[in-house]
Amino acid sequence: MPTYTMIVNGKPVTVEAPADMALLWVLRDKLGVRGPKFGCGIGVCRACTSHLNGAEIQPCVTPVAECSGQEVTTIEGLASGDDLHPVQEAWLEQDVAQCGYCQPGQIMAAAALLRTKQEITDEDIDRIANVCRCGTYFRIRQAIKSAAAKM
Amino acid sequence: MTCDNEVPVPEVRAPVRRRQFLTFLVAAPVLTVAVPGTAEAVIPTLPQPAEVLDLGDVLILAGTPTAGALAVLSVGEDGVVTLELPRAEVGQGITTACAMLVAEELDLPLGKVRVTLADARPELLMNQLTGGSNTMRSVYGPVRQAAAAARARLLAAAARKHGVAVERLSTKDGAVILPDGRPIVYGLLTSAAAQLTGTFAAQPKPAEEHRLVGTPQSRIDARAMVTGQFKYTLDQDVPGAMPTVVRRPPTINGSVRSVDSAAAKAMPGVLAIGVVPTGVAVVAETFGQAMAARDALKVTWNAGTIDALSDKEIRAKLQAAALPFVVPPLLTQHLDMDFDFAFVSHAPMETNSAIADVRDDRAEIWAGLKSPIVAQQTIAAAIGLPESAVKVHVMQGGGSFGRRLFFDAALEAAQISKALRRPVKLMWDRKDDMRHGRARAASHHKLRATFGLGNVLTFEHRVASVETDFRHGLGEILTATAAKLPVGGNLSFAQTVFLTTCKVPYNFGVVTSLLNEVPLRMHTGSWRSVYSANTRGAEEILVDQLAKKMGKDPVEFRREFLKTARQRAVLNKVVAEGEWGKAMPKGFAQGIGFHDEYKSCTACLVEIDARDPKNPRVVRATIAVDVGRPINPRGLEAQMLGGLTDAISTTLRAGLHIDRGLPLEGSYSQFHYARQKDAPLDVKIHVMPATGEPGGAGELGVPAAVGAIANAYARATGIVPRSFPIIFPVDFEPFPR
């Protein structure tokens, strides 16, 4: 079985895995990184949303081989120590989470959006397609706007 | 012969003879009892069962004998107070609200309270069920009592230790305050307090002295959630428990005929494969490998239980099952309407999952469970162990919406663990969760209202529903067994739930609501607001059409016919805040809905953009809510927001198509639960001031919003929706079976 080396949340890791294994299972089952959640396995619910070199990916449909030598950031790696990312702070300020299961993915999607764009419109937020089955969308919208205003 | 009186002529002209009409009109008030405080002009309606005793009251009554044992509180030497709560947190925010109750009674900072979910406690009998919007109603008394008693003990311990009378002591910020002002923190008193003998009389604070309860607070578990540290069932490590999935049949309740697992067994990472009652289980080193091996299995299947049924046949069965009206249409002016609602997946983000470690002499289970006692009892029987040898841990769940009343994943995990003789970490795939999981039952509704001289004379609602499974009972084996009995059984359980939840909030003369259920052997279950979303949603649509026929504005009409001043205050609030009646561009419209259940009421006013009737969006929503006593208004607003999103989803786009024994939908790309692009750009929720005891809140938000959205759609497009979801094409290629 091939081995892959990558940076996960700032730390180099090496794993043995089939080339086509989804990054989600490498993270969750091999590395014990459990922040990214399984919700669909086909990249449509986006609960596992994380970053590859700072850009949004869905680890459930990203083969581990594509991440070789790259930098993977999950929700666990978004904050700098105890200093939360502004998007996380905004999530607390708006008390967004209900069951909380989709929120790591929602936060990573919002953080990726705010990296590329400073002026956020409602249309930009509408394009975030992450499912929140508790229906917290309006608080997510407010949190993204609040984070954008502070960044 | 047509009616020649002065009220508007109905579209459907009924042959009404004047004498019969008048006789009926005179007769109607004789049948009714005036309720104090009701408007005089309208024909009052007798209280319906749910007004006298609602499902929450039933659950509280069932829990009364064990209420004293409900809340287990401990005060640690670090000053942290822990409440072990025998309920399931699945996103409702009950752990935060309960922490607030404890903090309030103990004069403790909220951050010093921890709430954990209790394991299954069979001694609680019917008092460990999370459902019926009943948590805060049922724990408000017991949790405050327990905290007040703990405070009394801490005070007594301080009094003894420092030789002062208890009356001269007070509490503040997690400490007993001595007469000279010195604080003694609880952590220093807990050991002495635990050793005190005797009972300590303590009354919870009167509500008017509350300083924390009733103020908006953020979730106590929010930081763990936004940092990815929060642990759901599958995020835990249980020694030896490896990723496990199940290959499931091509139709609901199908079973394994034969398996060829040779290819799958040889695949990398595969640890074990075995047949269980629900399919073929595969254990592997990672879920990715388990799923790959699952897909490589060659399985032949026995038929399921509804293989011959598709939506068309089910709908025909429902239409045939709707009971007849009592009032014939020829007596007076009337309005008849009928509605259909599709099956709806619960689809919580965290799929059905559980960890099980079954040994020869004991077992341990971890899962999100809303009825853990009956889970423990059923699992023990299934794996042949005494109940006391099965430990069931309740994990916080990633959503439920009624789904986790059922413990099928926990039972299945236990069966796999026993069969394969190893601990397992079981996860359902999304496709299976939607196709073989539970769903809100499809229903058909027939409504008839008769009216004349400005009054509604009769209001009849006939609900025909696919049987909703209540075989979890009241959470323990006795009532669960009663719900399984062939005679009475689940259908009479269903009648009780229907009668104790659904009520018409208006004075509509003689009101009758009847449920008839069609038993089909498929997996249904209570879905947030159970019967009310469809039943009350349909009624709110009829109310709008009735108002139109009677020449009245929908809001004026509701104001006139609502039963109580409290209901009208909620309506008035939403009308004022939501600017009812303002000018809207073409293709846009407002819509309103009202709902009253579990001692709470709410009104919802939405604005819809339906310029393209095939692509509507609710763009703004205003909600007013009166729950009697909000514990945490911020949490209450979250519940109402969730209810609104559920209503947007199920009214406009989210449903399941049943095709030859299986739902076609297998993921969120097919089951169209709302996304951000479907959600309103503006939502305002107004919480009415506290007036009494807490009412229900978890399910309250759905039915009024269903009515409001459908009514707004009708007003914007001129098309009164009759079938839900309104936009419901099979716009996807279904996954292979």
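Reader: Let's take the open sheet of four strands in chain B; what is the strand order?
Author: This is a predicted model, and in it the order of that open sheet is E22-E23-E24-E27 of chain B, with mixed pairing.

Reader: And which strands stand at the edges?
Author: Those are E22 (588-597) and E27 (682-687) of chain B, and because each has a single partner strand, one side of each is left without a neighbour in the sheet. Averaged over the sheet and with direction ignored, neighbouring strands are turned by 10 degrees against each other.

Reader: How many bridges join E23 of chain B to E24 of chain B?
Author: There are nine between E23(B), residues 600-609, and E24(B), residues 617-626, and the two strands run antiparallel. To give you one pair to look at, Leu605(B) stands opposite Thr622(B) in E24(B).

Reader: Which strands does helix H19 of chain B lie across?
Author: Helix H19(B), residues 633-652, lies across E23, E24 and E27 of chain B, and it runs at about 130 degrees to E27(B).

Reader: Changing topic: is H17 of chain B largely enclosed or in the open?
Author: H17(B), residues 554-561, is largely enclosed by the rest of the structure, because six of its eight residues are buried.

Reader: Which residues are buried in helix H3 of chain B?
Author: In H3(B), residues 55-63, Leu55(B), Gly56(B), Leu59(B) and Gly63(B) are buried. Seen down the helix axis they fall within an arc of 100 degrees, so they line one face of H3(B). As background, an α-helix has 3.6 residues a turn, so residues three or four places apart point the same way.

Reader: What do they pack against?
Author: The buried residues of H3(B) pack against H5 and H15 (489-501) of chain B.

Reader: H5(B) again, then; at what angle do its axis and that of H4(B) cross?
Author: The axes of H4(B), residues 94-106, and H5(B), residues 135-162, cross at roughly 35 degrees and come within 8 Å, and the crossing is right-handed. By class, their contact has 13 nonpolar, one polar and three charged residues.

Reader: And E8 of chain B, how many of its residues are buried?
Author: The number is zero out of six in E8(B), residues 255-260, so this strand lies largely in the open. E8(B) does pair with E11(B), residues 298-302, in the antiparallel sense over five bridges, and Val259(B) has Val299(B) as its bridge partner there.

Reader: Where is Asp360(B) found?
Author: Asp360(B) is in the loop between strands E14 (353-358) and E15 (363-367) of chain B, and it is exposed, with 10 other C-beta atoms within 10 Å. Its C-alpha atom is separated by 8.4 Å from that of Lys418(B), which is 58 residues apart from it along the chain.

Methods: Residues numbered from 1 in each chain as written. Chains lettered and ligands numbered in written order. Predicted model: local features only at pLDDT ≥ 70, side-chain atom pairs only at ≥ 80, totals over all residues. Axes fitted to C-alpha atoms, helices over the stretch in contact; angles between N-to-C directions. Left-handed = near helix turned anticlockwise from the far one by under 90°. Nonpolar A, V, L, I, M, F, W, Y, C, P; charged D, E, K, R; others polar. Buried ≥ 20, exposed ≤ 12 C-beta atoms within 10 Å, placed from the backbone. Arc of directions from axis to C-beta. Contact = placed C-beta atoms within 7 Å. Pairing = 2+ DSSP bridges.
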